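Here is a friendly tour of the charged side-chain pairs in this protein. Have the sequence and the 3D view ready as you read.

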Amino acid sequence: MRISIRAAGAVAVALLAAACTSGGGRSAPPAINLTGKIKLVSYDDCAEMLTSLRTATARNANAWGFGMPMVSLEAADTARSAVGATGTGAVSTYSTTNVHEAGVDEPDLVKTDGERVIVVTQGVLRVVDTATRKVTGELRLVPKEQSWIPADLLLSGDRALVLMTQGGETLGMDTVARMRPMSGPKYVLVDLSGQPTEVASMRMTGSHVDARMVGSTVRLVVRSSPDIPFPEPKPNQTDAERLAISREAIASAPIQAWLPKFEIQTGDAKTPGTVKCENVSHPAEFSGTSMLSVHTVDLNGTFGAVEPISVAADGDTVYGTKDSLYVTSNPTFWFMPMMPAPEPLPDVAVTPRQDPEMPTLIPDPVEPGGSGGPVAPEVQPSHPDAEKIAPPSSGTVEPKSAPSAVPSAAPTPVPPVDPSPQPSAGSTPVETIAPTPMPSAGLTPIETIEPAPTPPPQRTEVHRFDITAPTAPRYVSSGSVPGRLLNQYSLSEHAGHLRIATTLDPQTANAKSESAVYVLKSDTLAQVGSITGLGKDEQIYSVRFIGDLGYVVTFRQIDPLYALDLRNPAAPKVTGELKITGYSAYLHPAGPGRLIGVGQEATTEGRQTGTQVSLFDVADPAAPKSLSRFFQEKGGSEAEWDPHAFLYWPEDNLAMMPLMSWGSNWAEGSSALVLRVTDSDITKLGMITHPKIAQQAEFAPANPGIRRCLIIGNTIWTISDLGLKVSDSTTLTDQTWLPFT
């Protein structure tokens, strides 16, 4: 997620009180224990698994088959977080990827070890020598006509793993059990010891969720759906007749329809594989419409050395520590029996889109039935690339790397869309058809379709896996909390506990949204404490947990930043609140007692006006302060929805990120904003721009905008799809321009 998939407001610290005084305020509402335990067990054999999956899938079928999970824009997401080597204040000569947890690497489009810069853009992996500033090797990963396929990479020594969300053909089953092609993610292991060389690749069914790397061991998380071909509907068929046919197709589907498939290629040899029945677990309740798989790959080895495991569940957000891998989902949003009609958009000027991997930005959204503020969670713009750019449930605009199957023409920037949290799969609640006992075969046609019941309570399921060994992850426990996550930053494991921040959307016409933070024991995921009632009628826009403290930003018109004391897991509490205009979409630690917020400034009515970078004093949790703010009118930054685009370099008091103006021409690209951040002030040091390069008319032209910034020694390296520039980190003077040809 990540969002995505995706921006959110400025930092605020809050006394949860009707009124705040220097002496304190009334306490937070009493905690309500709504945590549910989820039993996760393995199947006894394939026969039991098939019967169970057929029953669950048929129960969730509709007249058109069943709703397929939409491409999650999270994901990235998820937003993915930061505080890696560069966020801890450790002295080094080069920056690393801005990650959530130190020692847990996350995929990104560029990596460096100080001696090399490895970047993957436009379907090509390039190795740049930092001493000579020349490309010393390159490897084309996809045909040129597929260069629009986005990719990220992970690096360990002389091995790189390239992750492509769409990588070509993999295996599926048709009605007569013949193998047929189906698009899915592709992972390529590359040797960098000489000229970049492909060692092996792995394709699989499903869609890429996310990945984490500890040491040289990578965990790939993939979501797949049952491969059940449903007959084409005939003219004049009733919904009841179509539903009966769908259930009959499910009842006759073989176990291979559900088991996730993959194919490993080494040289010319291709080895097909399937997750084994004994490696599949399931919760007590599940839809049967998704399977979540975790593949383990050692970058010093090859694919297939460790058997993958699967869970009969959905997954949209991945959070990892050195010892644990957490995968979460909100099952009420994953199954979509019928696509709802799109809501009308507010009257806004139509402007071209920007970067294909950036969300469409729309000015001044108006809540239906209201006078301003965020768009309601269910409202999605009707847009040709909506599947690619719609915000996920996480609420930040945090795009995953997967585009729609057919890339759109070159986009241009438009003002930012309100990043109100959206369902992570863009779908409606699961139980829209009343459960009906289903035999494993020979289903009786249904005469009528049962009326849709009241949606189940909104909740987030959490599955924890032990990854301390470099072998297959070991399932530890599961649990659930009310509401839905913003992104992976809504999760934090600390001192034996998992903290989770969620927003609970209105379930009835007169209800209001509110947010909460739950504290669970990390070994059992049983709830031990909570803070509820945060941000009434608002949504979470950003979260950051730092040790025993937490910060939650909610927003609708004014941004409150809540400061949380989490030292006592059984009795967490709000200690302070700061209210300012605008909001922070991403929060970054900036040394003891300091916090940086990246987001948007806004009017008192909640209308966004441009990029805002804020410096907050949170040394006193009861009295947070806004020390300094930088404002760029009509601006937006990818760092608002993808924290990998944000770089904080405390050694030189620098912060930098891509910046684009709402009114600029997309073809002109974006700039890199470089800020000086001291203990009390934020000032603009300058801007770095790339040369304009005329591109030939192509199906999917390269994005000329700056995407990432690196520090290597006393230089700043900025990367776009079209090239790389080296600038002096003190004066920002241009030193080298290296075009990608």
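This is a predicted model: local features need pLDDT of at least 70, side-chain atom pairs count only at pLDDT 80 or more; totals for chains, interfaces and linings use all residues.

Residues are numbered from 1 along each chain as its sequence is written, and side-chain values use heavy atoms, with hydrogens and water left out.

**The overall count**
- Side chains of opposite charge can pair when their charged atoms come close.
- A salt bridge here is a side-chain nitrogen of Lys or Arg within 4 Å of a carboxyl oxygen of Asp or Glu, and the count comes to 23.

**Two pairs to find**
- Asp-466 forms a salt bridge with Arg-474, at 2.9 Å from N to O.
- Asp-466 is buried at 16% relative accessibility (buried means under 20% relative accessible area, exposed over 50%, partly exposed in between, with a 1.4 Å probe and protein chains only).
- Asp-565 and Arg-567 are joined by a salt bridge of 2.7 Å, N to O.
- In this pair Asp-565 is buried, at 8%, whereas Arg-567 is exposed, at 60%.

**A pair within a network**
- Glu-638 and Arg-708 meet in a salt bridge of 3.4 Å, N to O.
- Glu-638 sits in the loop between β36 (635-636) and β37 (647-649) and Arg-708 in strand β41 (residues 706-712), so the pair ties together parts 70 residues apart in sequence.
- Strands are DSSP runs (E, at least two residues), numbered from the N terminus.
- Glu-638 is buried at 4% relative accessibility, and Arg-708 is buried at 2%.
- A network of salt bridges links Asp-108, Glu-638, Asp-642, Arg-707 and Arg-708.

Note on methods. Helices (H or I, at least four residues) and strands (E, at least two) are DSSP runs, numbered from the N terminus.
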